[in-house]
Amino acid sequence: MIIDKLYERVEERSFVCVGLDTSYDYLPDIMKKNSNLVDAIFRFNKEIIDHTHDIVSIYKLQIAYYEAYGIEGMKAYVKTLDYLKSKDLLIISDVKRGDIAATAKMYAKAYFESQYESDFITLSPYMGYDSITPYLPYLESGKKGVFVLLRTSNEGSKDIECLDYKGRPLFYKIGDDLAEMGKKYEGKSGYSPLGLVVGGTHSNEAVEIRKSYENSFFLIPGYGHQGASSEDIRNYLNNFNGGVVNSSRGIITHFKKYEDGDKNVGKYSRIAVQNMREDIYGEQR
């Protein structure tokens, strides 16, 4: 099952998820020179992948960074997906789809069967659970997984996710329902491929969320630029597994801190991953 493969990758390589949220503005001029947008973005992504794939578990592509450049951006997106697949690397497409019925079925087909195919995608549950159910046949196959927004790291998350529901924040109701929905798909690792997005910035809730959803695999944003500490992140993990910790700009733009960075994007992205691993593992590994 795909969730077991992810669990094993975390065990082998670490909990780090590299976010290839690649804006053309991030690229050094040397990569833009004599290259069209598609090739320049792909070259940038490829260098990061080549220098980090043995120490990270999965890569996440936020589709907005590619859609922003129209057809050419999406060509770079597909080219990056194809390269990751050629190296048997795991992929999350961060698309946050939340529509229902026939439309949701088409989104599922797009991101699980077409040239945009990935191992996992992100979903929003706020139109109701019929925005999730069209994806369940893919989970039942064991070959695909989803991460559903639960407790996100943005400031505005309190506007809806934290509304009172019978004395508890609403997101616990959603989490309870999703955890129950995902039980039937659990792999040998004990985790379900119906995972949850939990922002690493909510330190006061981390222990309770982890305890409440022991069999849910977490996608954990918020480390780095958004301010989640290593202690916060450790509370969301289970013996450094049971979740992947995403960092995007903190890794892919790390080269900008160095005088020779423009010529060594991959080298410094690897250093950023190593620093992140050491910070979160602490003295426990």
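## A tyrosine in a loop

Y116 sits in the loop between α6 (101–113) and β4 (120–123). Helices here are DSSP runs of H or I with at least four residues, strands are runs of E with at least two, and both are numbered from the N terminus. The model is predicted: local features need pLDDT of at least 70, side-chain atom pairs need 80 or more, and totals for chains, interfaces and linings use all residues. Residues are numbered from 1 along each chain, and side-chain values use heavy atoms, without hydrogens and water.

Y116 is partly exposed, with a relative accessible area of 23%. Partly exposed lies between buried (under 20%) and exposed (over 50%), using a 1.4 Å probe and protein chains only. Y116 touches several residues, including M74, Y77 and L81. Contact means heavy atoms within 4.5 Å.

## The barrel

Eight strands close into a barrel, in the order β1-β2-β3-β4-β5-β8-β9-β10. The pairing is parallel. Two strands pair if DSSP finds at least two bridges between them. Strand β1 (residues 16–19) pairs with β10 (residues 243–247) over three bridges. V16 stands opposite V245 in β10.

## Two packed helices

Helix α3 (residues 37–52) packs against helix α12 (residues 265–281) at an angle of about 50°, with the axes 8 Å apart. Axes are lines fitted to C-alpha atoms over the stretch in contact, and angles run from 0 to 180 degrees between N-to-C directions.

In α3, F44 and I48 are among the residues that meet α12. On the α12 side, V265 and R270 are among the partners.

How values were computed: Lists of a residue's contacts leave out its neighbours within four places in sequence.
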